[in-house]
Number of protein chains: 2
Amino acid sequence: MTPQDDTALPETSAPAPEEEAARHASARSARASALTEDYVEIIADLLEREGEARPTDIARRLGVAHATAIKTIARLKRDGLARARPYRGVFLTDRGWDMARKMKARHQTVVAFLLALGVPAEVAEVDAEGIEHHVSDATLAAFERFLAQAARGDGR
Amino acid sequence: MTPQDDTALPETSAPAPEEEAARHASARSARASALTEDYVEIIADLLEREGEARPTDIARRLGVAHATAIKTIARLKRDGLARARPYRGVFLTDRGWDMARKMKARHQTVVAFLLALGVPAEVAEVDAEGIEHHVSDATLAAFERFLAQAARGDGR
DNA sequence: GGTTTAATGTAGCCAAGGCAACACTTCGCG
DNA sequence: CGCGAAGTGTTGCCTTGGCTACATTAAACC
């Protein structure tokens, strides 16, 4: 109940009301797509690795009950990202594949970036799972610049 | 159905099932706390800046209807993060202030880090809003190391 | 002091994303 | 070929986090 922390910080300037609202709206929307992106990414991975994506495997990978996965898959179908026929596995539409490719690249970049920063591998994987959905193209590009530079020998 | 995974592709290695599920569970739970953290952060900011935090202002900052804010505030109360009496504004408990301080520091670090990486200011603000909720202590520490190093003159 | 206006609160609706319980297909194996 | 196990699908329930519409309270201004 006591602020007490007014420790002479450079006092961030007062927020511009509309802009802050817009930022939060944007973060909310990213949060909303995050699950969809996870599903698509996992389905793509299963299709590539195993040749098929079964609801139970998807659920297992996500740590969720199979009923939940099936319900979400229905939404993916409704939204034109996946196709599926009863008992026949799940497939991606072209749009689904596009999203999957994008997310896979993004995931790899984020993980590589965190590792390059010195974050322990297990932590990097966990954090990347959350961060990847909130990284804009501009920030992703900055990550890549950093990686390229680090690869060039850190010297710059 | 065909394993075929012996091919020694440089491809990311097959996921460890339980671990991946745990990672996703972790990301889901971070997603769930994100909203709470945003509310607490904003309430703290309003209290420090204006001396009071009114539901309408909170709602405006978040870009949601006031009814939504009020409902969420009730949840914060239920969870022991805030206190509020009808028509008397919202206050934070000690736990609420703890969370607020943590999130504020985290936010500032993430923004500073992105800026240092060369991300444009507006983008950094937007991305930070999403990223800050998914950055573990270890990763935050890595961000701080980077900042310190950059401050020391980039050369290292 | 009464009236208008702004803020606050309440109610009811919706979609998402969880779950458990139950029913129905498929498929592998004896 | 049949049967049982594993996978799939359905149902109904819960909580969150949005919304609108309406009711109520507090504050501001004659």
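How many helices and strands does chain A have? Chain A has six helices and two strands, where helices (H or I, at least four residues) and strands (E, at least two) are DSSP runs numbered from the N terminus. Along the sequence these elements follow the pattern α-α-α-β-β-α-α-α. The model is predicted: local features need pLDDT of at least 70, side-chain atom pairs count only at pLDDT 80 or more, and totals for chains, interfaces and linings use all residues. Residues are numbered from 1 along each chain as its sequence is written, while chains are lettered from A and ligands numbered from 1 in the order in which they are written.

Of the 156 residues in chain A, 34% are buried. A residue is buried if 20 or more other C-beta atoms lie within 10 Å of its own, exposed if 12 or fewer, and partly exposed in between, with C-beta atoms placed from the backbone. Contacts in chain A can be sorted by sequence separation: among those between residues at least 6 apart, 47% join residues at least 24 apart. Two residues are in contact if their C-beta atoms, placed from the backbone, lie within 7 Å.

The next topic is how the two chains are related. Chain B can be laid on chain A with an RMSD of 0.0 Å, by a turn of 180 degrees and a shift of 0.0 Å along the axis. The two copies are therefore related as by a two-fold rotation axis. The same surface serves both copies, as 82% of the contact residues of chain B recur in chain A. Superposition is by least squares on the C-alpha atoms of residues with pLDDT of at least 70 in both copies.

Which residue of chain B comes closest to the rotation axis? It is B:Ile131, with its C-alpha at 2.7 Å. B:Ile131 is also one of the buried residues of H5(B), which include B:Ala124, B:Val126 and B:Gly130 as well as the charged residues B:Glu125, B:Asp127 and B:Glu129. Helix H5 of chain B (residues 121-131) is mostly covered, with eight of its eleven residues buried.

A residue is near a strand if its C-beta atom, placed from the backbone, lies within 6 Å of it. DNA strand D is surrounded by 19 residues, the closest being A:Arg54, A:Thr56, A:Ala67, B:Ala65 and B:Ala67. Two or more residues come from each of helix H2 (55-62) and helix H3 (66-78) of chain A, and from each of helix H1 (17-50) and helix H3 (66-78) of chain B. H3(B) gives the largest share, five residues. By class, this surface near DNA strand D has eleven nonpolar, four polar and four charged residues. Here Ala, Val, Leu, Ile, Met, Phe, Trp, Tyr, Cys and Pro count as nonpolar, Asp, Glu, Lys and Arg as charged, and the others, Gly among them, as polar.

DNA strand C also has 19 residues around it, and the closest are A:Ala65, A:Ala67, B:Arg54, B:Thr56 and B:Ala67. At least two residues each are supplied by helix H1 (17-50) and H3 of chain A and by helix H2 (55-62) and H3 of chain B. For DNA strand C the largest share, five residues, comes from H3(A).

One backbone feature remains. Most residues other than glycine have a negative phi. A:Tyr87 is not a glycine, yet has a positive phi of about 65 degrees. A:Tyr87 is found in the loop between strand S1 (82-84) and strand S2 (90-92) of chain A, and counts as exposed because it has 7 C-beta neighbours inside 10 Å. B:Tyr87 likewise has a positive phi of about 65 degrees.
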